[in-house]
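Subject: Structure handover and notes

Hello,

Here is the structure I promised to pass on. Please open it alongside this message.

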Amino acid sequence: MNPFVDEFYMRQALEIAASQLGRTSPDPLVGAVIVKNGNVISTGYHAEQSTPHAEAMAIAKAGSKAKGATLYLNLEPCCHYGYNPPCTDSVIRSGIKRVVASMKDPNPLVAGKGFKQLRAAGIKVDVGVLHDEAKKLNDPFIKHIIKKIPFVILKSAMSLDGKIATVTGESMYITGKQSRQYVHVLRTYVDAILTTVNTVKIDDPQLTVRDVGNAGIKKRDPKRVVLDPFAEIPISSRLLKNSPNKTIVVVSPAAKEARIKRILRTGADVMVVPARNGNIDLKKLLVELGRDNIMSVMIEAGGGFAAAALSSGIVDRVAYFIAPKIVGGRDALTPIEGHGTERLKDLIHLKKVTYTQLGEDVLVEGYLR
């Protein structure tokens, strides 16, 4: 076993898995690479649910050449029947002599059982190669399979001095073209965008994928989830006029039935979720979205809701696009409003922070837990 060689081929498996971002939900992203005598003889990936799994695809392509080879994949092979038969059976039948995986599958139906079956069949199994990279790739799947709720990203675009709009409310556009294109890439990758009725009333957003800046990325419009406790969303809004079937309006039990029916007539869905002090209970909302197999959500809303999301503890990761511009003004809007933190020792600290240059802008990403 050569760790440098294993990492080299595992990076290929991760790249293949990542090529299907935005397509596999609620399944994980998995890539497979079969190597024999120092040569890649076959690759595979998992695409949409019910399509063949990555290792099964790679083995089928390799045929008899798989005998004696090494299989690299970023997630433990499944060992149970679902939309597909157990992949462990395919690996054992193929004659593969070694399996290198990044991590154990958190699905309780697998959770190490796949590795156990392979070892019992005499196949050498090594686990942990590029574990952190593999985990990050499948953050939404891991959280959804364990907690049954979606992974939540809080996104914002701001100036260098932390403003999302001028004192008059003008906000288009603070960040540059590359940042805006990358936002569309992120939209492609998530299952849903979460916003509020106030944002709809003020900005009338589309929340669609239009310009990813890369012809190789397949565009996919996520669902749009609008928090609207009293069913006040304008029927003329673009979310209800353009592809209303992709829109979920979340109302509280206090919403009037006539208003709910008006929304339903547009073709949009309505979800009733309990409220607290007139605001949708965000933790209960995540439970309902999880039941709908929504694995990942990106928040695109104003500073008031961003503050509420952070204080409720639903946010897993933040993505802040920062432009080298200064807006100024005490009353200019900021990405996080609300009461704010009173003491420095209580500040929210990010972990595993990364910085990405996007034209003149910088994207700062980090985890809250």
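My notes follow, by topic.

The model is predicted: local features need pLDDT of at least 70, side-chain atom pairs count only at pLDDT 80 or more, and totals for chains, interfaces and linings use all residues. Residues are numbered from 1 along each chain as its sequence is written, and side-chain values use heavy atoms, with hydrogens and water left out.

**Helix α4**

Start with α4, which spans residues 113–120. Helices (H or I, at least four residues) and strands (E, at least two) are DSSP runs, numbered from the N terminus. The buried residues of α4 are G114, F115 and L118. They sit on the same side of the helix, because they cover an arc of only 100° around the axis. That arc is taken from the directions from the helix axis to the C-beta atoms. Buried means under 20% relative accessible area, exposed means over 50%, and partly exposed lies in between (1.4 Å probe, protein chains only).

What covers those buried residues? The cover includes α3 (87–94), β4 (98–101) and β5 (124–127). Contact here means heavy atoms within 4.5 Å. K116 and A120 are exposed, on the face of α4 turned away from its buried side.

Two backbone points go with this helix. G122 follows α4 and has a positive phi, near 90°. A111 lies in the loop between β4 and α4. Its phi is also positive, near 45°, and A111 is not a glycine. A111 is partly exposed, at 34% relative accessible area.

**Salt bridges**

Side chains of opposite charge can pair when their charged atoms come close. A salt bridge is a side-chain nitrogen of Lys or Arg within 4 Å of a carboxyl oxygen of Asp or Glu. The count by this rule is 18.

R187 pairs with E300, with the closest N and O atoms 2.9 Å apart. R187 is in helix α7 (residues 177–189) and E300 is in the loop between β13 (296–299) and α12, so this bridge ties together parts 113 residues apart in sequence. R187 is buried, at 8% relative accessibility. E300 is buried as well, with a relative accessible area of 10%.

R276 and D281 form another bridge, at 3.3 Å between the closest N and O atoms. Here R276 is exposed, at 58%, while D281 is buried, at 8%.

E288 and R291 meet at 2.7 Å, N to O. Both are in helix α11 (residues 282–291), three residues apart, about one turn of the helix. E288 is partly exposed, at 27%. R291 is exposed, at 60%. Salt bridges that share partners also join D6, R98, K124 and D126 into one network.

**Around D316**

Is D316 buried or exposed? D316 is buried, with a relative accessible area of 5%. It lies in the loop between α12 (303–312) and β14. Its side chain makes a polar contact of 2.7 Å with the side chain of K143. A polar contact is a pair of N or O atoms within 3.5 Å; within protein, one must be able to donate a hydrogen and the other to accept it, and residues adjacent in sequence count only if both atoms are side-chain atoms. Leaving aside neighbours within four places in sequence, the residues in contact with D316 include P150, F151, V152 and Y367.

**Backbone exceptions**

Most residues other than glycine have a negative phi, and most peptide bonds are trans. Which peptide bonds are cis here? One joins S25 and P26, with omega about 10°. P26 is in the loop between α1 (3–18) and β1 (31–36). Another runs from M172 to Y173, with omega near -5°. Y173 is in the loop between β6 (151–158) and α7. K148 is not a glycine, yet has a positive phi of about 65°. K148 belongs to the loop between α6 (139–147) and β6.

**Surface patch**

I348, L350, V353 and Y355 form a nonpolar patch on the surface, with about 380 Å² of accessible area together. Patches are made of residues with over 30% relative accessible area and no salt bridge: like charges are joined within 9 Å, and nonpolar side chains (Val, Leu, Ile, Met, Phe, Trp, Tyr) within 5 Å. Areas come from the Shrake-Rupley method with a 1.4 Å probe; for residues, only the protein chains shown count as cover. L350 is in the loop between β14 (317–322) and β15 (351–358). It is partly exposed, at 33%.

Best wishes
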